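Welcome! Have a look at the sequence and the model, then read on.

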Amino acid sequence: MNSTSSIFLLLSCLLVLCVQGEPSTGSRKCKCLNGYIGRVRPELLKSEPRVYQPSSFCPELEIIIVLGTKEKCVNPESRFGQHVLSR
């Protein structure tokens, strides 16, 4: 094994250790931090809802819709949220 391969292997291992060592508390990158809207009139939707599954960045299931020019978060447990998830 040459020195370039050894250095590459060492750096790869360090990168993996750094990524796995990220703290889970306080590092949430959720989009829906300001609460949810309760009811949605489907005719006001400007685009298809976007669904973000739980991940290492945000442990929450998030549904985001566009009403007018603003993005709003929908409660995944609401009637509309369940409708979006069932499609």
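## Cysteine pairs at a glance

Both C30 and C58 are buried. They belong to a predicted model, and in that model they are bonded to each other through a disulfide. In total, the protein has two disulfides, and the points below take you through each of them.

**The link of C30 and C58**

- The sulfur atoms of C30 and C58 lie 1.9 Å apart, within the 2.5 Å that defines a disulfide.
- This link is right-handed, with an angle of 95° about the S-S bond.
- Distant parts of the chain are brought together here: C30 sits in the loop between helix 1 (3-20) and strand 1 (50-52), while C58 sits in the loop between strand 1 and strand 2 (62-67).

**The link of C32 and C73**

- C32 is joined to C73 by a disulfide, with 2.1 Å from S to S.
- The link of C32 and C73 is left-handed, at -90° about the S-S bond.
- This pair also connects distant parts of the chain, 41 residues apart: C32 is in the loop between helix 1 and strand 1, and C73 is in strand 3 (residues 70-74).
- Are C32 and C73 buried or exposed? Both of these cysteines are buried.

**The overall pattern**

Technical notes. Residues are numbered from 1 along each chain as its sequence is written. This is a predicted model: local features need pLDDT of at least 70, side-chain atom pairs count only at pLDDT 80 or more; totals for chains, interfaces and linings use all residues. Side-chain values use heavy atoms; hydrogens and water are left out. Helices (H or I, at least four residues) and strands (E, at least two) are DSSP runs, numbered from the N terminus. Buried means under 20% relative accessible area, exposed over 50%, partly exposed in between (1.4 Å probe, protein chains only).
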